[in-house]
Structure formats: structure tokens, C-alpha cells
Amino acid sequence: MNHFDAAYHELLEKILNEGQYKDDRTGTGTYSIFGHQMRFDMRNGFPMLTTKKVLFKMLATELVWFIRGDTNIKFLLQYNNNIWNEWAFKKWVESDEYTGPDMTDFGNRALQDDAFKEIYKKEMDKFKSRILEDDAFAEKYGDLGNVYGRQWRAWEGPDGTFTDQLKNVVESIRNNPNSRRHIVTAWNPSEIDSMALPPCHAFFQFYVNDGKLSLQLYQRSADVFLGVPFNIASYALLLHLVARECNLEPADFVHTFGDAHIYSNHLDAVNTQLSRDSYKAPNIRINSDKSMFDIEYEDIEVVDYEFHPHIKAPIAV
Ligand SMILES: Nc1nc(=O)c2c([nH]1)NC[C@@H]1CN(c3ccc(C(=O)N[C@@H](CCC(=O)O)C(=O)O)cc3)CN21
Ligand SMILES: O=c1ccn([C@H]2C[C@H](O)[C@@H](COP(=O)(O)O)O2)c(=O)[nH]1
């Protein structure tokens with residue numbers, strides 16, 4: 001096993017062995033533990049799992065979207081990235097303007113009722129086309145509220161001024177590397193209600209020593225089968241981008257968890273993944289001199305990625 005896949009498999013096994021059953025907001029049910037930490041050394045390659053295919057394009061376009069300060073799913077849809085659709089769709093079908101078929105609890109109903117699933121898919125397709133084609137509609141219903149991108153790039157203070165936390169942290173890493181205050185937080189208590197989903201990867205800190213840059217993330221809630229493979233690769237990519245911006249070598253990504261859970265309908269998928277052996281970890285390449293603030297998905301490439309087939313599993317909404 002390569003170190004990265006091994007750390008992830010260890011977390012899955014720990015939850016299977018020690019996890020307590022716990023009901024959850026989505027009504028799916030989880031096996032859950034509280035508190036865990038993994039460490040990924042960038043000198044061993046890029047931590048994208050090889051025991052299932054991880055869709056790099058999805059996490060890379062999502063990270064570029066955060067860095068741009070964008071909170072509207074239109075940008076993601078232009079890359080055919082569908083990972084945030086359900087949360088925008090939910091706001092649309094709960095609005096007064098929506099007059100289509102009843103979509104209450106669509107996430108769970110689509111899993112249990114094939115006839116409903118077809119109706120839901122049709123409504124979702126209509127919604128996506130409208131976001132892409134109708135600017136006014138996209139502005140109103142494509143926006144997820146003050147989620148990650150907004151908090152990272154334009155945290156609004158009580159006096160109405162905006163703080164660009166990401167630019168500030170890059171400046172502080174450059175100018176005052178020994179600081180213990182290299183922090184970005186997406187957890188903005190006064191704006192939680194205006195978010196489609198409160199931030200899961202909520203708070204991160206950089207650390208500089210001996211020309212090397214490390215990053216630690218606190219993730220308050222973690223869907224270990226579907227979300228975490230994305231979160232690991234996404235923050236590893238962020239570490240590479242910030243290190244490059246500050247002329248430092250990327251070192252460790254430390255991933256710290258609060259509630260780390262496996263959804264009860266992911267158990268078969270997890271067991272399939274655990275039965276697989278890993279390949280060598282891939283590498284990341286950034287083919288551009290652009291600043292990280294202007295970086296585009298097309299500038300970033302994962303090379304030498306060998307993987308086992310993708311494993312499909314339902315997302316809890
Ligand atoms: N329950 C839950 N888990 C999450 O990981 C999660 C949320 N909700 N809500 C907000 C975002 C959206 N994220 C998502 C959403 C969907 C996938 C997903 O379905 N991934 C699949 C296939 C992706 C595709 O084909 O487009 C995968 O196998 O990785 C992953 C992360 C991460 N977050
Ligand atoms: O980047 C992400 C975003 C979300 N998740 C998961 C963690 C939970 O399963 C849900 C969020 O539900 P809450 O009730 O708000 O905790 O989404 C993730 O793993 N990674």
C-alpha cells in the first residue's frame with residue numbers, strides 16, 4: 001500500500017471497527033467516530049487515492065471556484081461539475097417561484113422510488129439548463145449563499161468592510177513566515193444561516209519552517225467515502241498552489257477531523273474499496289506561471305495516475 005491509500009484505509013477500518021451508529025440530519029444514518037488525524041507528506045507524491053478512481057476535474061474545478069471567490073454553481077456546471085447541484089436545487093424547489101412536481105426530500109425519495117427518480121432527474125436537468133442559459137435565474141438560484149469562496153475572499157465585517165483572508169495569508173506567509181497566525185476560516189457564525197450548507201472544511205492554518213510549507217485543516221464533519229477523497233486532494237492542491245506562490249517547498253498536509261462518518265448506505269462500497277491493493281501515488285504538475293489567484297483548471301494536471309475503477313455511491317442531501 002502506498003502511504004496515502006494506507007492512511008485512508010486505516011480511517012475506514014477504524015470507523016468500521018469502532019464507529020457508533022448515529023442518526024443524522026439527512027435521515028440516512030452513519031457509523032461515526034469523533035477525532036482523527038492523518039498526515040500526507042507531499043514529497044511522497046500527490047495524495048489522490050488509487051484504490052478507486054477519484055475525479056480530479058471535480059475537485060480541481062471546485063478549488064478554483066473557491067479561490068475565485070465564486071459561490072454560484074454556474075461556474076461548476078460550465079465544467080460539467082455536478083457536485084453542488086443538489087444544494088442549489090433544494091433552494092429552488094423550496095422557493096415560491098417553483099411550480100413543478102413536489103420535490104420534498106428528493107434525495108431520499110430518489111433512492112427509494114424509481115418512478116420519482118425519473119421525475120426528479122427531469123426537474124434537475126431543467127434546473128441545470130436554466131442555470132446555464134438564463135443569467136437572471138442563475139444569479140438568483142445558482143448561488144449557494146455565503147459559502148467557502150465568499151468567506152475566503154470577502155469575509156464581511158460588522159463595519160461593512162471585506163477581508164480577503166486568502167490574499168492576507170499569502171502575504172503573511174511571505175512577510176512573516178514564523179507567524180503562528182497563518183489562518184483562514186470559513187466558519188463565520190453570523191452567516192451560517194445564509195449558507196446552503198455550513199462549511200465542513202472549516203478552518204485551516206499554514207506553518208513555515210526551513211523553507212517548507214505545511215497546511216493543517218480542521219474538518220468538523222466528514223463523509224469519509226464520498227467527501228474525504230476530494231477534500232484530501234483539494235487541500236493538497238491548495239498547499240501546492242500556496243507554496244508555489246510563496247517560493248516554498250510543499251511539505252505536510254495534516255488532516256484533522258471532528259465527526260468522521262461512513263453513511264450506512266456506503267458500507268458495500270467501502271468494503272469493495274478495502275479489498276483492493278493500491279498503486280504508486282501520482283504527481284501534480286502546474287503548467288503555468290500565473291499567480292494562484294488567476295489559475296485555471298486547464299493549468300493543472302495530475303500525472304502518472306493509476307487507479308482502480310470508480311465506485312458509485314449515493315450522496316446524502
Ligand atoms: N453528504 C455529503 N457529502 C459530501 O461530501 C458533501 C455534501 N454532502 N455536501 C456538499 C459537498 C458536495 N460534495 C460532494 C458531492 C458529491 C460527490 C459525489 O457524488 N462524488 C462521486 C461522483 C462525482 C460525479 O460523478 O460527478 C464520487 O464518486 O466521487 C462528492 C462530493 C462534498 N460535499
Ligand atoms: O467538503 C465536504 C463537504 C461536506 N461533507 C459532508 C460531511 C457531512 O456528511 C455532510 C454535511 O452535513 P452536516 O450535517 O452539515 O455535517 O457533508 C464532506 O465530507 N466534505
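Hi everyone. What you see is a predicted model, in which local features need pLDDT of at least 70, side-chain atom pairs count only at pLDDT 80 or more, and totals for chains, interfaces and linings use all residues. Residues are numbered from 1 along each chain as its sequence is written, and chains are lettered from A and ligands numbered from 1 in the order in which they are written.

Let's start with the sheet. It is open and mixed, with 6 strands in the order β1-β2-β8-β7-β6-β5. Strands here are DSSP runs of E, at least two residues, and helices are runs of H or I, at least four, numbered from the N terminus; two strands pair if DSSP finds at least two bridges between them. β1 (20-22) and β5 (183-185) each have a single partner strand, so one side of each lacks a neighbour in the sheet. From one strand to the next, the twist averages 20°.

Strands β2 (residues 30-41) and β8 (residues 249-263) run antiparallel and are joined by 11 bridges. One of the pairs to look for is R39, whose bridge partner in β8 is V254.

Now the helices. Across β2 and β8 lies α1 (residues 3-18), at about 160° to β2. Helix α9 (residues 165-175) lies across β5, β6 (201-209) and β7 (212-223), at about 170° to β5. Those angles run from 0 to 180 degrees between N-to-C directions, with axes fitted to C-alpha atoms, for helices over the stretch in contact.

On to the loops. F225 is in the one between β7 and α10 (228-245). Is F225 buried or exposed? Buried, because 22 other C-beta atoms lie within 10 Å; the cut-offs are 20 or more for buried, 12 or fewer for exposed, and partly exposed in between, with C-beta atoms placed from the backbone. F225 touches I262, Y263, H266, A269, V270 and A313, leaving out residues up to four places away in sequence, where contact means such C-beta atoms within 7 Å.

C200 sits in the loop between β5 and β6. An unreviewed UniProt entry annotates C200 as "active site", though annotations may be inferred rather than shown by experiment. C200 is partly exposed, with 18 other C-beta atoms within 10 Å. Beyond four places in sequence, C200 touches Q219, R220, S221, A222 and G227.

Finally, ligand 1. It is surrounded by 13 residues, the closest being I83, D223, L226, G227 and A316; near means a C-beta atom within 6 Å. Thanks, all!

Notes:
Two residues are in contact if their C-beta atoms, placed from the backbone, lie within 7 Å.
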